Amino acid sequence: MLQDTNRATDRSVARVVEGIGTSDGAGVALTRIIGQPALPDLDPFLLLDEFRSDDASDYIAGFPEHPHRGFETVTYMLAGRMRHGDNKGNSGLLTAHSVQWMTAGSGIVHSEMPEQEEGLMWGFQLWVNLPAKNKMTAPRYQDIAPERIPEVERYGARVRVIAGRFDGVAGPVATADTEPTYLDVELTSPDATFETALPATHNAFVYAYDGSVAIGSTQPRVIARGELAVLSPGERVVARTQGEKAAFILAAGRPLGEPIARYGPIVMNTQAELRSAFEDLRTGRF
């Protein structure tokens, strides 16, 4: 076992959702997994997009300046280069296996533009809601270089710990509102097994981005590349390779249980707060 979870209640697959093709920004082709009709949200997660293409026409237009308020965006790159900047003068470069955890808070206008004209661009963007008490917090960035993300190898599993803890190792992301776990897991052999404890109160999902993986211990269910498994309540996740290898994102977070009022890139709790946000944007107060 990878962790001491002998008495834990295992999570199973409650449902499986497939992503849908769409575009965002100035026409970037992507797959939307959370934030679509089949799965509008999974509290506290509001959106999960995967962008993956080696055709520059799918991504070269990027995501020009656009506003955010009321939540956090998490960009995780597997391949390629993305330059970000905002109306506060912040700028940075995302490269393969780097992470940007942006707390939009009270409001920010930023852009994400590819810094390449050819080759594979591949990554994910996850939106994490903020509680009402912190929606108007000051914006901040956590730009995390690849070498700052710890890797743990156990029993044929290679785990990159972005947020939360795995096998006693803590990820570099500092955030407390939803107590998130964000793990990138590779199962590197046909007999590889992954196990980890999760807080029983947290909502969780697994998104397979390479190969197929069996989730659960007693009646495992196989999810294939491009499928998201919403996990049942429980204290432990067990996953095993189906085939030669597999890779997936495991994310969990404390649900907020608050009303959601969202329109495009702004997420608040009430329609009045949404109207106020767009008035602030119109008058340059972001």
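Let's start with a charge over a ring. The charged end of arginine 52 sits over the ring of tryptophan 122, 4.0 Å from the ring centre. The rule for that: NZ of Lys or CZ of Arg lies within 6 Å of the ring centre and within 35 degrees of the ring normal.

A word on what you are looking at. This is a predicted model, where local features need pLDDT of at least 70 and side-chain atom pairs count only at pLDDT 80 or more, while totals for chains, interfaces and linings use all residues. Residues are numbered from 1 along each chain as its sequence is written, and side-chain values use heavy atoms, with hydrogens and water left out.

Now confidence. pLDDT is the predictor's confidence in each residue, from 0 to 100. The mean for the protein is 94, and 97% of its residues reach 70 or more. Residues 1–6 fall below 50. That stretch still has 19 contacts in the model beyond near neighbours in sequence; a contact means heavy atoms within 4.5 Å. Where pLDDT is low, the predicted coordinates should not be read in detail.

Back to the rings. Tryptophan 122 belongs to an aromatic cluster with Phe124, Tyr207 and Tyr209. How many aromatic pairs are found in the whole structure? The search finds 9. Rings of Phe, Tyr and Trp (its six-membered ring) pair if their centres lie within 6.5 Å; planes under 30 degrees apart count as stacked, over 60 as edge-to-face, and the rest as tilted.

Take phenylalanine 194 and phenylalanine 248. Their ring centres are 5.7 Å apart and their planes stand at 75 degrees, so this pair is edge-to-face. The pair links distant parts of the chain. Phenylalanine 194 is in strand 18, residues 193–197, and phenylalanine 248 is in strand 22, residues 236–253; they are 54 residues apart. On naming: helices (H or I, at least four residues) and strands (E, at least two) are DSSP runs, numbered from the N terminus.

Buried means under 20% relative accessible area, exposed means over 50%, and partly exposed is in between (1.4 Å probe, protein chains only).

A cavity is a set of points where a 1.4 Å probe fits but cannot get out. A pocket is an open set with protein on both sides within 12 Å along at least five of seven lines. Lining residues have an atom within 4 Å of a point. Grid points are joined across faces, edges and corners, and a volume is the space filled by probe spheres set on the points.

There is 1 cavity of 30 Å³ or more. The largest cavity holds about 30 Å³. Its lining includes Val28, Phe51, Tyr59 and Met121.

The largest pocket has a volume of about 390 Å³. Its lining counts 22 residues, and Asp24, Gly25, Arg32, His68 and Trp127 lie nearest its centre. Which elements give two or more residues to that lining? They are strand 3 (28–34), strand 4 (45–53), strand 5 (63–68) and strand 11 (121–129). Strand 5 gives the largest share, 5 residues.

Two single residues now. Glutamate 115 is in the loop between strand 10 (108–114) and strand 11. Glutamate 115 is partly exposed, at 32%. Leaving out residues up to four places away in sequence, glutamate 115 touches Arg81, Met82, Arg83 and Leu93.

Tyrosine 141 lies in strand 12, residues 140–144. At 18%, tyrosine 141 counts as buried. Among the residues tyrosine 141 touches, again not counting those up to four places away, are His84, Trp101 and His110.

Last, the backbone. Most residues other than glycine have a negative phi, and most peptide bonds are trans. Which residues does a cis peptide bond join here? Aspartate 43 and proline 44, with omega about 15 degrees. Proline 44 is in the loop between strand 3 and strand 4.

Now positive phi. Histidine 97 has a phi near 70 degrees. Its place is the loop between strand 8 (91–94) and strand 9 (99–103), and histidine 97 is partly exposed at 28%. Aspartate 167 has a phi of about 50 degrees. Aspartate 167 is in the loop between strand 15 (165–166) and strand 16 (169–170), and is partly exposed at 23%.
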